[in-house]
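User: Got a model here that I'd like to talk through. Can we go over some strands and charged pairs?

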Amino acid sequence: MAETTSHRANIMICAGTGCVSNRSFEVKQALEAEIKKVGLEEEVKVVTTGCQGFCAQGPIAIVHPDGIFYQLLTVENVPHLVEEHFLKGRPVEKLMYTPPEEERPVPALSDIDFFSKQRLIALRNRGLIDPEQIDEYIARDGYRAAARALTSMTPEEIREEVKASGLRGRGGAGFPTGVKWGFCAASPGDTKYLVCNADEGDPGAFMDRSIIESDPHSVLEGMIVGAKAIGATQGFVYIREEYPLAVDRLIKAIGHARDYGLLGQDILGTGLDFDIDICRGSGAFVCGEETSLMASIEGRPPTPRVRPPFPAVEGLWGKPTNINNVETWANIPVIIDRGAEWFSSIGTERSKGTKVFSVVGKVANCGLVEVPMGTSLREIVFDIGGGIPDGKRFKAVQTGGPSGGCIPDSLLDLPIDYEKLAEVGSIMGSGGLIVMDETTCMVDVSRYFLEFLRGESCGKCTPCRDGVAAMHDILVGICAGKGSQEDIQILQDLSEAIRDASLCALGATAPNPVLSTLRHFRDEYEAHIEERRCPAHVCKALIAFSIDQEKCSGCTLCFRNCPSSAISGERKQPHSIDPETCTKCGVCLDSCRQGAVVVA
Ligand SMILES: Cc1cc2nc3c(=O)[nH]c(=O)nc-3n(C[C@H](O)[C@H](O)[C@H](O)COP(=O)(O)O)c2cc1C
Ligand code: FES
């Protein structure tokens, strides 16, 4: 592992997609060049890691052994950082993280709430190893579970251990993993397949990508253990084409595992033959649905089919197939290594272990968090997420991806687990968590998700294809100020029909955003329909911009910024907006420093 090398310090720079898009590779090169320039290359080593979770602050880096956390690094501030920190021994405060509403930076990563309040199991190696070096994974006890499972456990013992751990599938439905393995193991036939589902099509979700980018071997090791438990000889990782870095790291990891005799024929001399190939996704949300995914691997159009038969009985090319999500696989080595009892001591009565969430939206600390099941939404949004920026009020949190639900502030103390989320009309899904503030219109949110699902419906079954489109049309009408009293009832009736009659879970869960917002934010629908008013001032047809003549100082900022030339007025005189020309883009509101622009 990097920290144990002979260098006196290691600077672990994040090379996750978020940080890479903020030029972390350039920062890395600049660091290496600068360290060489000052003659410290024998003492200070630059190491790239996978996503460290705090993506909003990227590029980020952690200096070990002191554990100092640096954020928002640029090529320009590298010389100062190297000189101060590594030559003079003075950590650079201005590159450290300062929590919202505090003045002093927090130097150590372990003292930053975003990190200290998490519990890492699936992400146990994030930021600690170079994901492209198998030796670093092995140095952190990697492949120990596989060695144990392959040399000293029977397939049944492995399945029983996973069953006893209480692990449930992290891909959405939360089906008990050990039970699912048992179905596939019990299916007759010598040829069985394993699949790792890394399609991750939910907007805003990046849990699976980050696991693969930061620790690809944890997934491979889980699959090797699963191969023995189920009797599979071939595995596939079905991964989004849009994840080039994750694909690249996976390819390297598979190559290294083969070189080390951990994949291929007679693994570790135990007689187990198992290999893994990569299959790139076809780019549609429905590809993540297991029967579509299998069709896609087989080279057919990715449309779902009726179950039963379930994949465990009739899967890829008609053979028994076991499909699990990336995070599910990444949990397996720890369960085998530390035991079912340890794992099941974490979490709630029926939801064991931890869950990884990608926290995005109107929250100060966007990023990837892993917390024990049972952690409250409030802890995630406020303690770890740092709360709502710009002094705005929290409104809702959406869990479960596009077919999830919106949870209001009155339920912020809800402990998150599969059952509790279902009780309030949402789902765990695969771990997308979108925070919304008071400027979010909940009717518009429903419209957005239904638009996404309408576009992603494969079109094979009528309830999903036409029903979701019909619901979307109604929502568009309500947002446009053309809603009628019957709309709410029609939305509810359509929801029931679509839920009950759709071919796959895409359609069956598509009404969730509407049902949950109707349940918790019905007053917003009523305001749109009965008062032709959008309380959050989002729906353009229902709002109008004007300028408060008392407050306007005539600074001309709005006049100069308006892209539609809808604002007129003389310098130092109150301005006004022509409602006919105004496109309600909101630029005037954002640019006015007097608070003179009024939205009503
Ligand atoms: C429309 C749709 C999309 C899905 N997308 C994914 C996905 O991206 N990743 C995933 O693991 N499961 C996804 N699922 C769930 C899979 O069908 C399947 O249940 C899951 O991969 C099983 O793994 P698990 O038991 O480990 O959760 C999706 C389901 C539906 C209906
Ligand atoms: S990509 Fe660097 S913290 Fe996520």
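User: Is Glu-526 buried, partly exposed or exposed?
Analyst: Keep in mind that this is a predicted model. Buried means under 20% relative accessible area and exposed means over 50%. Glu-526 has 29% relative accessibility, so it counts as partly exposed.

User: And which residue forms a salt bridge with Glu-526?
Analyst: Look within helix 22 (residues 522-530), where the two partners are four residues apart and so separated by about one helical turn. The closest N and O atoms are 3.4 Å apart, and the partner of Glu-526 is Arg-522.

User: How many residues apart in sequence are the parts that Glu-419 and Arg-350 tie together?
Analyst: These two form a salt bridge, with the closest N and O atoms 3.5 Å apart. Glu-419 lies in helix 16 (residues 418-423), while Arg-350 sits in the loop between helix 14 (340-344) and strand 10 (354-361), so the parts they tie together are 69 residues apart.

User: Now strand 3: which way do its side chains point, and are they buried or exposed?
Analyst: Side chains in a regular strand alternate between the two faces of the sheet. Here Ala-61 and Val-63 point one way, Ile-62 and His-64 point the other way, and all are buried.

User: Which residue takes a positive phi in the hairpin of strand 3 and strand 4?
Analyst: The two strands pair in the antiparallel sense over three bridges, and Val-63 stands opposite Ile-68. The hairpin has three residues between its strands, and the one with a positive phi near 75° is Gly-67.

Key: Residues numbered from 1 in each chain as written. Chains lettered and ligands numbered in written order. Predicted model: local features only at pLDDT ≥ 70, side-chain atom pairs only at ≥ 80, totals over all residues. Heavy atoms only, no water. Buried < 20%, exposed > 50% of the residue type's maximum accessible area, 1.4 Å probe, protein only. Pairing = 2+ DSSP bridges. Salt bridge = Lys/Arg side-chain N within 4 Å of Asp/Glu carboxyl O.
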